[in-house]
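Hi there,

Here is the structure I promised to send over. Please have a look at it first, and then read on for what turned up.

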Amino acid sequence: MKLHWSPRSPFVRKVMVLAHEIGLANRLELVRSFVAMTQPNEALMQDNPLSRIPTLITDDGLALYESTLICEYLDSLHGGAKMISADPKLRWPALRWHALGEGMTEILVLWRNEIMRPEAQRSAPIANGFERKIGKALDLLEREADQLARAPFGIGQIGVAIALSYMDFRFVDRAWRNGHPKLAAWFETVHARPSFQATLPVDE
């Protein structure tokens, strides 16, 4: 399988973490693919007209475009414990956490884009709105940290941990751990997992 990949994309990292967890990382041929809002990648667009990563090309030649879809596909290829449980009692809480983490990551990417704009073009109300939403999400996760720790490790924990890790990568001055001790302790155990250590983001 071929994966259009970047070492700094949190959405690519989610796929790679899951692939490591289920033992399929070595089946992925990683293709370094640069993407930018203003510069569509012509080579990538041969596989994904949206010029977005991650994009997976299966062994059958099918192009899968979005990180959650790719995770679900990879999870179907192994016989071990599933990262996306079919048991409704586990599935819906896990997908809810995943949706929260995914939404946080999307907001963080937009927030970073906003603060990277020339100062005269930045919108303080937009940035403040992003900051408030992330703060509320962190407060909710602090209340649910014990549940995250007790639940079987899977897509929900991966989604949340990817968002927190992206904050460490791109928002080092935000000190999200302040006021969220349970969430911080949970994150440290998750981030120590081999799958996370093997996929640390880098700027290159």
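**What was found**

Arg193 is partly exposed, with a relative accessibility of 28%. One thing to keep in mind from the start is that this is a predicted model.

The partner of Arg193 is Glu21: the two form a salt bridge whose closest N and O atoms are 2.9 Å apart. Glu21 sits in helix H1 and Arg193 in the loop between H8 and helix H9 (194-197), so this pair ties together parts that are 172 residues apart in sequence. Glu21 is partly exposed too, at a relative accessible area of 23%.

Two other pairs may interest you. Arg27 and Asp59 form a salt bridge with their closest N and O atoms 3.1 Å apart. Because Arg27 belongs to the loop between H1 and strand E2 (29-32), and Asp59 to the loop between strand E3 (55-57) and strand E4 (63-64), the pair ties together parts that are 32 residues apart in sequence. Arg27 is partly exposed at 37% relative accessibility, whereas Asp59 counts as exposed at 53%.

Then there is Arg177 with Glu188, a salt bridge at 3.2 Å between the closest N and O atoms. Arg177 lies in the loop between H7 and H8, and Glu188 in helix H8, so the parts they tie together are 11 residues apart in sequence. Both count as partly exposed, Arg177 at 32% and Glu188 at 42%. Salt bridges with shared partners also join Arg8, Arg170 and Asp203 into one network.

Now to the nonpolar side. The largest nonpolar core has 52 residues, and Leu74 and Trp186 have the most contacts inside it. Elements giving two or more residues to this core are H1, helix H3 (67-75), H4, helix H5 (124-143), H7 and helix H8 (181-191); H7 gives the most, with 9 residues. Leaving aside neighbours within four places in sequence, Trp186 is in contact with Ala145, Leu148, Ala149, Gln157, Val160, Ala161 and Leu164.

By class, the lining of the largest pocket has 14 nonpolar, 8 polar and 8 charged residues.

Best wishes

Terms used
Residues are numbered from 1 along each chain as its sequence is written. This is a predicted model: local features need pLDDT of at least 70, side-chain atom pairs count only at pLDDT 80 or more; totals for chains, interfaces and linings use all residues. Side-chain values use heavy atoms; hydrogens and water are left out. Ala, Val, Leu, Ile, Met, Phe, Trp, Tyr, Cys and Pro count as nonpolar, Asp, Glu, Lys and Arg as charged, and the others, Gly among them, as polar. A nonpolar core is a set of buried Ala, Val, Leu, Ile, Met, Phe, Trp, Tyr and Cys residues joined through side-chain atoms within 4.5 Å. Buried means under 20% relative accessible area, exposed over 50%, partly exposed in between (1.4 Å probe, protein chains only). Helices (H or I, at least four residues) and strands (E, at least two) are DSSP runs, numbered from the N terminus. Contact means heavy atoms within 4.5 Å. A salt bridge is a side-chain nitrogen of Lys or Arg within 4 Å of a carboxyl oxygen of Asp or Glu.
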